[in-house]
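Me: I want to go through this model term by term. For each label, set the value against its definition.

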Amino acid sequence: MALPPSYAPRDVQRSMPTPDVANPGRFIAAGLQQVGNVAVGVAQNEQDTRNRVAEIQYQQERQSQSADFAARFAQARVDLSAKIDELRTSAAPGAAGHAEAVQKLWEDTRDKLMSGVSNRAAQDGAMVSLAEYGGSLLTGEQRWQTGRQIEKQRDDFGVAVDGAGLLAARDPNQFIAERDRLRTLADGLGLGADDTEKLKRYGDQKVTQALVSRQAMENPQGAIKLLDSPEIQSMLGSPELVDQLRRGADIRQRQVETEQRAAAEHELKLQREQLATLRANLDTGAGTPGDWMGLATRYEAIGDTSAAAEARAKGTEMAAAIGYRGANLPQLDTRINALVAKQGNGGLTPAEASELKGAQALRQQQSERLNQSGGAMLQLQFATGKTVTPLNLSDPASLQRRSAEALAAAKTYGRVAVEPLLPDEVKPLRDLAEGNPAQRLQALQTIAGFRDPAAILGAARQISGRDDGSFRIAATFLNAPGGADLVRGILNGPDALKAHQQVFAAEKAKKVFDQYTGAALAGMPADYASDTFDAAKHFYAYRMAQAGATGWSEDAWRGAVEATLGGFTQGGEHKGGTALFNSQRVIIPSGWTAEGVFRRFARASGPEWSKAAGNAQPQWPDGRDVTATELRGLLPVYVGGTRYAFRTRAGNFLNVKGGGTFVVDAAQVPWK
């Protein structure tokens, strides 16, 4: 609303003029003029009234808008305070842009407040209030921003100090450069001279302290030398701080010395433990002579000269033993006996003493290895450093190849028993052998794939229980003529014996068995005789049960014994079983006749004997070669398959040159 002009109230003449009788026209004119004047006065009074009303309304409007503005301005200040607090809280480091944000907020608030004021007087008053408050507000927030900027500069300088301290501590060669960078940075902050100098002293102190502290941890003696420098003391600025750092370096130096002693003791203990572990492993026979020599060197390094000497001797022993790695027990015994004899007749050289110990240790290891199941093949693997061909029980070629390997290993190491299974190959077949008759037959049919009777018997011995002798005997007949019936009778015999116990007389049976077999089984393993007895017992019980017998029969028992020794009649000719040689009973290979064995032996020449024995030459105990004529007079003793050893008159087996039993394969002796 426009501001009204000021005015003063007017007095209007309201009396009429006095009539002039002499001049009525003039009176009328004067009356009309008076009426006009009255009309003008009335009109002016009405305008004055309107002006007064307008002024009253204007003042009321000013008062109303001023009051409304005052209320809104008060609330706006409250709101501004809260928003400015938020802006301060969320301000960037150094409050960059804070004053500008507050100014924008203030301008928006101011414009919004003024948009509600139209009265000029109210506007003037509002603008005065807004100008005063806005100036104070923006000045305060600018000061706050400036304070934050200064704080940030100080914080940034502190970060720079920390970084410089880390760099100087990490590389002492950078100490001066980092200190100077901080001084340059302090000069560039635009602070007062006193504040700038304080920052420089602060930077000098912190960088120097970082350098000395790092040195105190890594090189305490170096830190102590630094602290003796006047320049370093000056930059640290405080004698108390110098003393504090010196005490820390001294403590660290003592700690380092303690740690070094402890580390040396721990390292020595650790090395001793490592050497003890290595020694324990080497004592098992593992490693090489070089490993022993390396162990000796390490013992010397820690000052244990006695252990070093012992390790070096062990290495020499192993080196000597390696030369006998492929030797069999008789060969080892020959060399050991020679060295022992020399030892008693004047002593051994150090090399010979080591050789003796190495050979003795190797003999013990070989003996233990050979006494395990599949020992000959285990020894073969040890001697050659190569594993035998893996066995596939479902592959006939694999079984026959393993059989040949086992035969060769048994021959190499003078083992009478041929054991074709390695220890980890035994369990699956043993589980079958411990089952019912059908499962036991399955086990036998599997090992029959070895083909060679000696390998089959050896496998049966490996997978059968100690008291399961009949199973071992049954294994030798699966591939023999008529063997299926014999095997069936042996495997089903235990059940038949339980049901017909009255047909068997144990004492009588044992007496007849011993008389019948005599020394014929002396070439077989120690338990072969008892195994044969058990097999004969079970086969006898099976046949007696089949015949419906109700009592003991010595003739039937002799027949069962002969059958379990491989005897049967074919085409009117007796094969296998036993036959007499110079009035002593000899076992005949299954399927062979007595003439087939004895005639070959009677007509063989010396070279033929040797060839049939694998080119071995038999030798008497006194070292003389055994002639073909002398061989013919010796008792052949069956040792399995088609092989025979020969018993001397002294009751011992004939040996070969170099050690081992002289064994002839009758199948390799020509028929003449």
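Me: What makes the backbone nitrogen of Ser605 and the side chain of Glu608 a polar contact?

Reply: The backbone nitrogen of Ser605 lies 2.9 Å from a polar atom of the Glu608 side chain. A polar contact is a pair of N or O atoms within 3.5 Å, where within protein one must be able to donate a hydrogen and the other to accept it; residues adjacent in sequence count only if both atoms are side-chain atoms. The 2.9 Å therefore meets the 3.5 Å limit. This is a predicted model: local features need pLDDT of at least 70, side-chain atom pairs count only at pLDDT 80 or more, and totals for chains, interfaces and linings use all residues. Residues are numbered from 1 along each chain as its sequence is written, and side-chain values use heavy atoms, with hydrogens and water left out.

Me: Where is Glu608 found, and which residues is Glu608 in contact with, leaving aside neighbours within four places in sequence?

Reply: Glu608 sits in helix α24, residues 606-612. Helices (H or I, at least four residues) and strands (E, at least two) are DSSP runs, numbered from the N terminus. Beyond those neighbours, Glu608 touches Arg603, Pro670 and Lys672. Contact means heavy atoms within 4.5 Å.

Me: How do you know that β3 and β4 pair?

Reply: β3 (residues 578-581) and β4 (residues 584-587) share four antiparallel bridges. Two strands pair if DSSP finds at least two bridges between them, so four bridges qualify. Leu580 stands opposite Arg585 in β4. The two strands form a hairpin with two residues between them, and Asn582 in the turn has a positive phi of about 50°.

Me: Why do β6 and β9 stand at the edges of their sheet?

Reply: The open sheet runs β6-β7-β9, with antiparallel pairing. β6 (635-640) and β9 (664-665) each have a single partner strand, so one side of each has no neighbour in the sheet. β6 pairs with β7 (residues 643-647) over five bridges. Pro636 stands opposite Phe646 in β7.

Me: How much area do domain 3 and domain 5 bury between them?

Reply: They bury about 360 Å², 59% of it on carbon and sulfur atoms. Buried area is the accessible area (1.4 Å probe) that two parts lose on being put together, summed over both. In domain 3, Lys411, Val416 and Ala454 lose the most area to domain 5, together 68% of what that side buries.
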